[in-house]
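Open the model in your viewer and keep the sequence panel beside it. This tour goes from one selection to the next and says what is there.

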Amino acid sequence: MKMISIDSLGECTFPSPLIERASRFYNDEGIARHIRSNHLSECNSINDIECFELAGAREKLYFNPRETTVGIVTCGGICPGLNDVIRAITFCALEEYKVKRVLGFRYGYEGLVAKYYHQPAELTLDSTDEIHEKGGTILKSSRGPQPSEEIVQTLIHYGVDILFTIGGDGTQRGASDIAKEVEKRGLKIAVIGIPKTIDNDINNVERSFGFMTAVETASQVITSAHSEAKAFRNGVGLVKVMGRNAGWIAAAASLANSNVNFCLIPEVPFDFDGPNGFFYHLKKRLEQKDHAVIVVAEGAGQNLFTDNAQFDKSGNKKLGDIGILLRDQMNKRFAEMKEEINVKYFDPSYLIRSTAANAVDSQYCLGLGYNAVHAGMAGKTNLVISSHCNRLIHVPISMISGGKTVDPNGWLWQTVLQSVHQPTHMCNQ
């Protein structure tokens, strides 16, 4: 089998302090990248099968724990589990490896640039003891890139040996730039990413932390929307959830709460009008059942807006507000038909982002944080801790770009269509 290469700072010579209590160590073990028969059939021999390196504690370390300083930074929007990951890294580094100190850099990559004057906080077991019970991030956050040259200079100034970057695709691209700058200068600083996106849309990341909490919270809101819809004549409960480019939350929440009648996602275009348009099917649903529940991802229906090409600090295109557009168009069109409609609009985006992680995500975050420390102490760099086939793995940062979307012909979306009973297409083209 062919192991996907992971960058390393050099030979590991220090014995791990975990040797007295670790039941096993992971060194050269992997898991097949592609497991479906149609992918494996393309391989000529077992040597052609690509494998991800399994995450886990290593028997030998690159860094001497007693002389190691760890840095943590959180970037981009908040999501459930950020504090859990911070705590897991801190506890593993201090309790398990007995490192010299752990520094938390405030306000994202800004905190690693001298001109912003953000002093890092020293994280301890006491200061992070209960943070996993709260939403948000104790390190605060910011959006947008910063010069990798200045970031590396800050790492040198504070003597950071391992930097943990918790953030999405843009954050990890920045992490890769930092790793390249470190290599260019001939320094020995490890850069380890923990991928964060509540949308669950990072390539080669089976499930991102916070996603399960988002689905659970969205499902609770859908229940409220259903109650509102059923309480009025021609009642419509409209729920907008996160999902700029991918409808994972909308799809999963619709399955978790079987009261949904329409699930609208970015991957499946729809039109308002025409014999197969959304309003034709909505009117038909209301005539039959007198109420409807609609779940829409924030990036759905962007074809219905005039392109204004505005972008945020992270370089993301600003979206038209599909929730407001749907609400207003439903009210307008039914008024034109002189028919009653009662639309109750729910936008729980910030509620979902800021809530504390549920038990499933908390457990997952602990695993991500601990295995990030294991990788960093072993001198691995320019990678993210990911999940594949329910196992934690090492993935080169270069392999997470490109995004991960819902396949309109895949089993998940087909299951959604069967559950909500909406037509396969609501587009007239």
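Start with Asn200, which sits in the loop between strand 11 (190-195) and helix 5. Keep in mind that this is a predicted model. Is Asn200 buried or exposed? Its relative accessibility is 5%, so Asn200 counts as buried. Check the backbone too: phi of Asn200 is near 60 degrees, a positive value in a residue other than glycine. For background, most residues other than glycine have a negative phi.

Now select Asn390, in the loop between strand 17 and strand 18. Asn390 also is not a glycine, yet has a positive phi of about 65 degrees. Its setting is another matter: Asn390 is exposed, with a relative accessible area of 75%.

Stay in this hairpin and pick Cys389. The hairpin of strand 17 and strand 18 has 2 residues between the strands, and Cys389 takes a positive phi near 55 degrees. Cys389 is partly exposed, at 27% relative accessibility.

**Strand 18 and its partners**

Select residues 391-396, which form strand 18. Of these 6 residues, 5 are buried, so the strand is largely enclosed by the rest of the structure. Which way does strand 17 (residues 383-388) run relative to strand 18? The two are antiparallel, joined by 6 bridges. Show Leu383 and you will find Pro396 of strand 18 opposite.

**Cysteines**

How many disulfides does the structure hold? The count is 0. Go back to Cys389 to see why: the closest cysteine sulfur is in Cys51, 11 Å away, too far for a bond. Then try Cys427. Its closest cysteine sulfur is in Cys263, at 16 Å, again too far for a bond.

**The cavity**

Keep Cys263 selected. Cys263 is one of the residues lining the largest cavity, along with others including Leu264, Phe270, Trp413, His425 and Met426. That cavity has a volume of about 50 Å³. A search of the whole structure finds 1 cavity of 30 Å³ or more.

**Nonpolar cores**

In soluble globular proteins, nonpolar side chains tend to be buried together. Here, the largest nonpolar core has 75 residues. Ile72, Phe164 and Phe209 touch the most other members. A second, separate core of 32 residues includes Ile189, Val191, Val205 and Ile397.

Centre on Phe164. Beyond its neighbours within four places in sequence, Phe164 is in contact with residues including Val70, Ile72, Ile89, Ile194 and Val373.

**Last stop: Lys60**

Finish at Lys60, in strand 6 (residues 60-61). Lys60 counts as partly exposed, at 42% relative accessibility. Leaving aside neighbours within four places in sequence, Lys60 is in contact with Cys12, Thr13, Phe14, Pro15 and Ala378.

Definitions and conventions: Residues are numbered from 1 along each chain as its sequence is written. This is a predicted model: local features need pLDDT of at least 70, side-chain atom pairs count only at pLDDT 80 or more; totals for chains, interfaces and linings use all residues. Side-chain values use heavy atoms; hydrogens and water are left out. A disulfide is a pair of cysteine sulfur atoms within 2.5 Å. Buried means under 20% relative accessible area, exposed over 50%, partly exposed in between (1.4 Å probe, protein chains only). Helices (H or I, at least four residues) and strands (E, at least two) are DSSP runs, numbered from the N terminus. Two strands pair if DSSP finds at least two bridges between them. Contact means heavy atoms within 4.5 Å. A nonpolar core is a set of buried Ala, Val, Leu, Ile, Met, Phe, Trp, Tyr and Cys residues joined through side-chain atoms within 4.5 Å. On a 1 Å grid over the protein atoms alone, a cavity is a set of points where a 1.4 Å probe fits but cannot get out, and a pocket is an open set with protein on both sides within 12 Å along at least five of seven lines; lining residues have an atom within 4 Å of a point. Grid points are joined across faces, edges and corners, and a volume is the space filled by probe spheres set on the points.
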